[in-house]
Amino acid sequence: MNRTRPLTRLPARAALTVLLFLPGAAALADTALRIGVQDRIVHAVLALGVARGDFEQEGLSVQLIVPPDGTDADPTTAAADQPVGPAGASQAHLDALVDGRLDLMATGADTLLVAEQAGINLRGALLLGESGQADLVLGTPPTQSAGGLRGARVALVSGDPGRLLLAAELQRRGLNLDEVDLERVPAADALVRWQDSDEATSLQAIAIAAPASIGFLAALADATHGTAPSVLLGDAGDHPGLITDLLAGQERWLRDNRDAMKRLVRAWNLTVGALRRDPAANIALLAEQADLEVEVAGDALAGVELFGVEDNIRLLRGDFQKRFSSMSQVLARIDRERARGVPSANRFLALSALRQVAAGR
């Protein structure tokens, strides 16, 4: 049975899987938006905007919706050898967009390319933020050697962005995804598997994002007292722009709902501005909404750079294309049989609402 409710809290510790997709229904008014989100700290900032009333101030009613239970974690929902995106939360959100159960989705820029392969005209409309230390690849000490990850059993905890980061780290070592044993694993199970003495089921590495990564490391330290150490094999900060969270929608929807998008862009700008002006109060509110400790929420946010309207305009004048090109090259090396030339980022963007807001209209 499908259940729905507005997401007033982002249960980060439960991997944001408590809310199911809306059933098929008549289209909502253009001031009521359904946005798909994942267990990522940048997406939690959208919940902060809802709690602060920033969307309401702009005349919007926003419902944040996470994938069905298990979509982002159950290894039976997606084979690890599928291209980045067609499994897990990103694919569930894409399906919901096509079916009219979602209006927009918060996702990585790589999903724009994946959607094109599936014949979906998905377009990015607003850059939300760029991950640095928020997305991590952790390993056991033996994986530090040049070929230490070859044949390793790796847990993918935080969905498709983690898979992209893992691919980049493997490629930097002269390896590729097909040289590791990759499994989609819930965060709670990953901790157990990390400590498992059975070589057939234990994990040698994990790709995980904040806020789940912070809880994982803290729980590991408490549970093992240092007897099951982890080492940092890499983070998104080593690959500038590799993981950029953005808001995306189908091209036609974005064209038909420009006024709603303008309101959304203005509301997001209010939220980002508030975090910058008064971080302590707003991090505390975000922590309350995401069911996190304030310190954890602050640490998680420290690993990302949020983008307001001015930041979007600056990046989209050139730097984003460089980042998009680097990201697409990582994707091309994963899917070597279908590797293509570097695409233009502009072809995957629909920025009229953003530009109008930036121009004061």
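1. Helices (H or I, at least four residues) and strands (E, at least two) are DSSP runs, numbered from the N terminus. Pro-211 sits in the loop between strand S8 (205–209) and H7. A cis peptide bond joins Ala-210 to Pro-211, with omega about 10 degrees. Most residues other than glycine have a negative phi, and most peptide bonds are trans.

2. A word on the basis. This is a predicted model, in which local features need pLDDT of at least 70 and side-chain atom pairs count only at pLDDT 80 or more, while totals for chains, interfaces and linings use all residues. Residues are numbered from 1 along each chain as its sequence is written, and side-chain values use heavy atoms, leaving out hydrogens and water.

3. Aromatic pairs: the structure holds 3. Trp-194 and Phe-216 form an edge-to-face pair, 5.8 Å centre to centre with 80 degrees between the planes. This pair links distant parts of the chain: Trp-194 is in helix H6 (residues 187–195) and Phe-216 in helix H7 (residues 212–224), 22 residues apart. Rings of Phe, Tyr and Trp (its six-membered ring) pair if their centres lie within 6.5 Å; planes under 30 degrees apart are stacked, over 60 edge-to-face, and the rest tilted. Trp-194 and Phe-216 are buried. Buried means under 20% relative accessible area, exposed over 50%, and partly exposed in between (1.4 Å probe, protein chains only).

4. Which residues do ring pairs link into a cluster? They are Phe-320, Phe-324 and Phe-348. The centres of Phe-320 and Phe-324 are 5.8 Å apart and their planes stand at 45 degrees, so this pair is tilted. Both residues lie in helix H12 (residues 309–334), 4 residues apart, about one turn of the helix. Phe-320 is buried, as is Phe-324.

5. Leu-349 lies in the loop between H12 and helix H13 (352–358). Leu-349 is buried, at 13% relative accessible area. Setting aside neighbours within four places in sequence, Leu-349 is in contact (heavy atoms within 4.5 Å) with Arg-123, Gly-124, Leu-316 and Phe-320. Leu-316 is 33 residues from Leu-349 in sequence and 9.7 Å away in space, C-alpha to C-alpha.

6. H12 also packs against helix H4 (residues 110–117): the axes come within 10 Å and cross at roughly 55 degrees. That makes H4 oblique to H12. Axes are lines fitted to C-alpha atoms, for helices over the stretch in contact, and angles run from 0 to 180 degrees between N-to-C directions. Angles under 35 degrees count as roughly parallel, over 145 as roughly antiparallel, 65 to 115 as roughly perpendicular, and the rest as oblique. On the H4 side, Asp-110, Leu-112 and Leu-113 meet Phe-324, Met-327, Ser-328 and Leu-331 of H12.

7. Helix H10 (residues 279–290) and helix H11 (residues 294–302) have axes that come within 8 Å and cross at roughly 110 degrees. The two are therefore roughly perpendicular. Ile-283, Ala-284, Leu-286 and Ala-287 in H10 meet Val-294, Ala-297, Gly-298 and Leu-301 in H11. Asp-291 lies in the loop between them. Its phi is near 55 degrees, a positive value in a residue other than glycine. Asp-291 is partly exposed, at 39% relative accessible area.

8. Is helix H5 (residues 160–172) largely enclosed or open? 12 of its 13 residues are buried, so H5 is largely enclosed by the rest of the structure. Among the buried residues are Asp-160, Arg-163 and Glu-169. Just after H5, Gly-174 takes a positive phi of about 80 degrees.
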